[in-house]
2 protein chains.
Amino acid sequence: MSPMFIPGPVDVHPAVLAAQTQPMLPHRSQEFESLFQGARYKAQPLFGTRAQVFITASSGTGLQEAAVRNLAKENVLCLVNGAFSERWFEVAKSNSKQADPLMVEWGKAIVPAQVAGALKRKKYELVTIVHNETSTGVQNPVQDLAAVVRENNPDTLICVDAVSSLGGVKIEMDKWGLDMVLTSSQKCLAIPPGLALAAVSDRALDYARRVPDRGWYFDLVRLAEHLVKDSTPATPALSLIYALDMQLDRIMAEGLENRFARHSQMAALVQNWVSANGFEVFAEGGYRSQTVTAVSNTMELDIGELNEFLIKKQMRIANGYGQLKEKTFRIAHMGDTQIEEINTLLSALDEFITRYQKSSKS
Amino acid sequence: MSPMFIPGPVDVHPAVLAAQTQPMLPHRSQEFESLFQGARYKAQPLFGTRAQVFITASSGTGLQEAAVRNLAKENVLCLVNGAFSERWFEVAKSNSKQADPLMVEWGKAIVPAQVAGALKRKKYELVTIVHNETSTGVQNPVQDLAAVVRENNPDTLICVDAVSSLGGVKIEMDKWGLDMVLTSSQKCLAIPPGLALAAVSDRALDYARRVPDRGWYFDLVRLAEHLVKDSTPATPALSLIYALDMQLDRIMAEGLENRFARHSQMAALVQNWVSANGFEVFAEGGYRSQTVTAVSNTMELDIGELNEFLIKKQMRIANGYGQLKEKTFRIAHMGDTQIEEINTLLSALDEFITRYQKSSKS
């Protein structure tokens with residue numbers, strides 16, 4: 001079943017799938033240490049950082065938990081405008097933090113004035129921001145949000161979930177002044193799921209050292225202590241690290257700017273098609289994702305039927321997420337997906353809609 | 001580099017490595033749900049249980065954290081006689097539990113009378129037991145330990161780490177009255193690292209529902225809620241689940257009893273060789289592991305040199321773990337390793353020792 005236009009797990013290149021089949025290695029060995037160090041350094045440009053990159057055997061949500069458990073003793077502000085930012089708020093509460101949500105309507109972006117308002121009401125140790133809401137296709141203005149946090153309270157740590165943007169959209173962690181940026185393997189990086197990556201600033205690590213009850217598996221301080229030996233506290237997911245290492249080489253061979261431009265071109269193609277066909281992009285103008293488009297299902301298409309039609313053509317899209325199921329459908333344009341594949345998908349969607357309209361009239 | 005005789009990650013069969021290369025699937029799809037359900041049910045006989053088997057994208061240590069965070073509000077007794085049982089105690093403390101260690105000398109087994117003594121001094125919600133200490137090659141008598149816990153306090157939950165035994169040694173979770181048994185993919189199951197599995201009893205799940213601060217990623221209640229839909233709260237590690245599914249078929253094709261017998265035969269070969277060559281098995285008699293043997297380095301071999309010699313022959317063993325480095329070396333006989341491979345290794349060890357003795361004399 002390929003190509004898939006779902007927002008993760010995305011299709012993985014055959015060479016990257018094959019990289020997983022390399023023989024096992026002891027994780028206390030020179031060979032593993034070299035591999036692991038190489039992958040961590042190759043990943044830094046994708047984060048726009050010189051900070052250390054941690055790699056865990058987990059999904060991205062595991063590192064959402066790491067953020068709230070390590071970077072706040074108590075007070076967390078969670079910016080919420082979709083399912084995954086809401087999840088982060090749930091993760092914070094589940095870890096007994098005093099988490100306050102700043103709720104913004106799904107489909108709208110979170111803007112600096114809203115954050116400034118929240119920061120004036122209470123002092124927070126940590127603000128959590130989802131860069132690209134996979135559920136709504138909204139890209140929040142992280143650089144501007146970070147600036148307003150810094151302005152209002154320079155000590156507040158800023159952690160960004162870039163799960164569905166990192167590797168597809170330019171992120172400048174150091175320039176924007178972010179303290180932690182996390183992502184997972186199965187979205188724009190186009191690796192199988194099961195790995196998560198996070199870059200963590202020195203000041204965030206310093207703060208973590210003073211936070212009690214950090215747990216063990218996602219304890220950033222423990223991870224940092226092992227990183228100096230190019231190792232991990234727990235057993236690393238070796239076959240996925242092989243895949244990551246090869247895919248980072250492929251990403252560098254494409255060139256980061258080229259990769260970002262390809263994502264923007266695919267987004268423009270999809271979003272122009274949406275407008276030209278009487279649909280609406282669910283996300284408000286100015287904040288539309290470069291990696292996934294949620295389409296308001298104004299034509300009331302049966303999304304299950306649409307996908308059955310597409311599956312016969314070896315393609316697949318995603319229904320809306322959670323409360324947006326059937327009300328929207330989602331087209332991912334991320335990872336290694338190519339422009340010609342997007343064009344093929346849009347032609348198939350045209351064909352389905354023409355048939356749908358005919359059958360509605362008859 | 002193969003065969004490796006290190007206690008994880010072990011060599012993975014080429015067909016299982018290749019299973020990882022199957023194309024990605026949406027994890028909210030019938031195809032994934034069938035795969036996931038199949039793997040979970042196929043795993044039950046290895047645990048000796050009818051309880052639900054959970055599969056997480058993590059190492060085994062992640063599920064050590066799940067156990068202490070879900071199954072105790074406060075009081076945990078950790079049976080400690082090696083590095084991994086000590087880790088579990090650290091994990092419990094890191095999660096702010098009132099954990100007491102029952103410390104037994106490394107190389108000795110933990111026996112029922114010791115546990116009875118500890119249980120008489122204090123009431124515990126949870127006892128943690130490592131079945132097979134990978135650091136010392138001791139196999140603790142889990143069935144007897146569980147019986148003494150039940151006898152002294154029927155309400156105390158019993159959680160067993162079977163990371164380096166499950167799939168190589170018979171475990172009867174239901175018959176022995178265990179509440180949670182956890183393992184990871186890269187030991188006796190012979191799958192690449194990155195997956196952990198745990199079977200959890202209904203009474204343990206009931207107890208977890210009353211425990212606060214369970215977190216999100218390793219929350220057993222949340223995992224159970226998703227399991228009824230054959231899904232997971234966080235993104236599952238699909239390529240590793242493909243590998244697990246194929247390997248469970250291979251294990252069933254070998255036959256569980258045959259697999260356990262092969263592990264015992266390999267253990268006997270190694271342990272007989274140890275005695276016949278003037279070494280000593282580090283673990284006390286009667287409690288020697290069926291999956292890994294720690295050898296007291298009475299001949300003061302240089303283990304680095306030994307491994308260099310073996311690596312030229314495409315083999316590799318493991319140094320002692322932590323405080324036992326150089327004082328012991330470890331030979332793993334687990335997973336898909338075959339008897340003829342053990343014989344080849346032992347011949348190579350003979351050759352090394354003969355040379356070593358000659359060079360010591362000269």
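Predicted model: local features only at pLDDT ≥ 70, side-chain atom pairs only at ≥ 80, totals over all residues.
Where in chain B does B:P9 lie? B:P9 is in the loop between β1 (4-5) and α1 of chain B.

One more backbone point, in chain A. A:E300 has phi near 50 degrees, a positive value in a residue other than glycine. You'll find A:E300 in the loop between β12 (292-296) and α12 (303-312) of chain A.

Okay, on to the interface. Chain B puts 52 residues into the contact and chain A puts in 53. Between them they bury about 3,800 Å², with 58% of that coming from carbon and sulfur atoms.

Now the polar side of things. There are 23 residue pairs in polar contact between chain B and chain A, counting pairs with both residues at pLDDT 80 or more. On the chain B side, α1 (14-19), α3 (60-70), α4 (83-94) and α10 (238-254) each supply at least two residues. Sorted by type, the residues of chain B that touch chain A come out as 24 nonpolar, 18 polar and 10 charged.

What about salt bridges? Over all chains the structure holds 42, and the count between chain B and chain A is 4. One pairs the side chains of B:R69 and A:E65, at 3.5 Å, N to O. Then B:R316 meets A:E31 at 3.0 Å, N to O. B:R316 lies in strand β13 (residues 316-319) of chain B and A:E31 in helix α2 (residues 30-47) of chain A, so that pair joins two chains.

Last stop, a helix pair inside chain A. Helix α10 (residues 238-254) and helix α11 (residues 256-276) of chain A pack at about 85 degrees, their axes 5 Å apart. So α10(A) and α11(A) are roughly perpendicular to each other. Who meets whom? From α10(A) we have A:Q247, A:I251, A:M252 and A:E254, and they meet A:L256, A:N258, A:R259 and A:R262 of α11(A). That contact divides into 3 nonpolar, 2 polar and 3 charged residues.

That's my tour, thanks.

Technical notes:
Residues numbered from 1 in each chain as written. Chains lettered and ligands numbered in written order. Heavy atoms only, no water. Contact = heavy atoms within 4.5 Å. Buried area = accessible area lost by both parts, 1.4 Å probe. Polar contact = N/O pair within 3.5 Å; in protein donor to acceptor, adjacent residues only side chain to side chain. Helix = DSSP H or I, 4+ residues; strand = E, 2+ residues; numbered from the N terminus. Nonpolar A, V, L, I, M, F, W, Y, C, P; charged D, E, K, R; others polar. Axes fitted to C-alpha atoms, helices over the stretch in contact; angles between N-to-C directions. Parallel < 35°, antiparallel > 145°, perpendicular 65-115°, else oblique.
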